[in-house]
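Colleague: Could you walk me through the cavities and ring pairs here, and tell me what each label rests on?

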Amino acid sequence: MTSYDLVVRGRRIMTTAGERPGEVGVADGRIAAVEPAGAALAGTREIELADDEVLLPGLVDTHVHVNEPGRTEWEGFASATRAAAAGGVTTLVDMPLNSVPPTVDVAALEVKRAVAGPQAVVDVGFWGGAVPGNLGDLRGLHDEGVFGVKCFLLHSGVDEFPPLDVDGMERYLAELAAFDGLLIVHAEDARAVDEAPAAHGPRYAAFLASRPRGAENLAIAQVIERARWTGARAHVLHVSSSDALPMLAGARRDGVRITAETCPHYLTLFAEEIQDGATTHKCCPPIREAANRELLWAGLLDGTIDCIVSDHSPSTIDLKHLDTGDFGLAWGGVSSLQLGLPLVWTEARRRGIGLDRVVRWMAAAPAELVGLTGKGRIAPGYDADLVVFAPDAAFVVDPHRLHHRNPVSAYAGRPLAGVVRRTVLAGHDVDPTGTPRGRLLRRGSRSG
């Protein structure tokens, strides 16, 4: 009889064929067997799921701002990866900006890897940056294993990561097309935002007007057309405007190589409930109206939106200007790395959407986006990154109990369904206070 390093048994195993009773055997950090209940797999270690628990694949979050080095007081690899593990995220991909230096060349990538390696509690990969003047660095970053490169079409919020204009984006897309690289885009049009009334003061309605959906719609249309002309792969980050969904769907029908994501805050929050001065809720593009939120859910269900990722964009508490509630001054970003699964599950369950769809959007689809062919599923040959999740358990968000470096949250006091009870990385339990076991991932291998 084969003996495995770990065997997990339970009434509810989320396999590629759906949720069913079963047993999972793990050997050398990978899933070696997925068998029906009663197979009596033998393991050196065994986990028996409680009746209220489901075994899920580890989530893959491809949109995380870790900010280290340079702004580690905002967030660092130690705190970010602990938060990820506590939220069932076993793989994250770090954004190239808000750290100093930004990841815009191979030397900066090596700095980032050197800092992350000794601290990573979960597996970590990296995006590169596309900024004016680094066109010649794109191939080097690609060859060194970044999963793609990111650009902004308007000011990024930090001066060391300047935006491309639309013609510049086209040149970068053409360069990336030569080696099948991926461009991920913060799609808001700079002129449309400049022409909108500037945000200032505590009124959320005024902030919302300062980042109109037209700015997002126009920028997404520009990304679509430049991807069409160049044949390159493009991915639209954090879609918040439901107006853009028909454009994206039409482009894909035409064969344009474009994908899109949205985030928990756009799926769970809505403008009408955001109080004036609640700068915890400031992000760009902004959280829009309730009707818009429902259309984003529809876009997920019909496949126009591929995946859900956090866009975890933290800062220190003072940068949120909670004392004045001034949306013009506050840093734009929502911290939700640890909370993504229960946030999305709470809303999905209310809509009658199954946990299998949530797992698809938050694990398998992000893994496919970046080519991590060994992540995001419970199936033989995949990494043994597993999450024990209690979907019917509940808790109330207390920012001081989260692992995020700064205890500020748009979800403070919010009751949520779903509790992560255990996280397993490559067959080993994740101990946030123990020796970090996370690996640094590279594009092109089965697990990075």
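Modeller: Gladly! A cavity is a set of points on a 1 Å grid over the protein atoms alone where a 1.4 Å probe fits but cannot get out, and lining residues have an atom within 4 Å of a point. A volume is the space filled by probe spheres set on the points, which are joined across faces, edges and corners. The whole structure has 4 cavities of 30 Å³ or more. This is a predicted model, where local features need pLDDT of at least 70, side-chain atom pairs count only at pLDDT 80 or more, and totals for chains, interfaces and linings use all residues. Residues are numbered from 1 along each chain as its sequence is written, and side-chain values use heavy atoms, without hydrogens and water.

Colleague: What volume does the largest cavity have, and which residues line it?

Modeller: The largest cavity holds about 80 Å³, and its lining includes L59, V60, D61 and M362.

Colleague: Why is the pair F152 and F161 called edge-to-face?

Modeller: Rings of Phe, Tyr and Trp (its six-membered ring) pair if their centres lie within 6.5 Å; planes under 30 degrees apart are stacked, over 60 edge-to-face, the rest tilted. The search finds 7 aromatic pairs. The centres of F152 and F161 are 6.0 Å apart and their planes at 75°, so this pair is edge-to-face.

Colleague: What makes F161 buried?

Modeller: Buried means under 20% relative accessible area, exposed over 50%, partly exposed in between (1.4 Å probe, protein chains only). F161 has 0%, so it is buried.

Note on methods. 1 Å grid on protein atoms, 1.4 Å probe; cavity = no way out; pocket = protein on both sides within 12 Å on 5 of 7 lines; lining within 4 Å.
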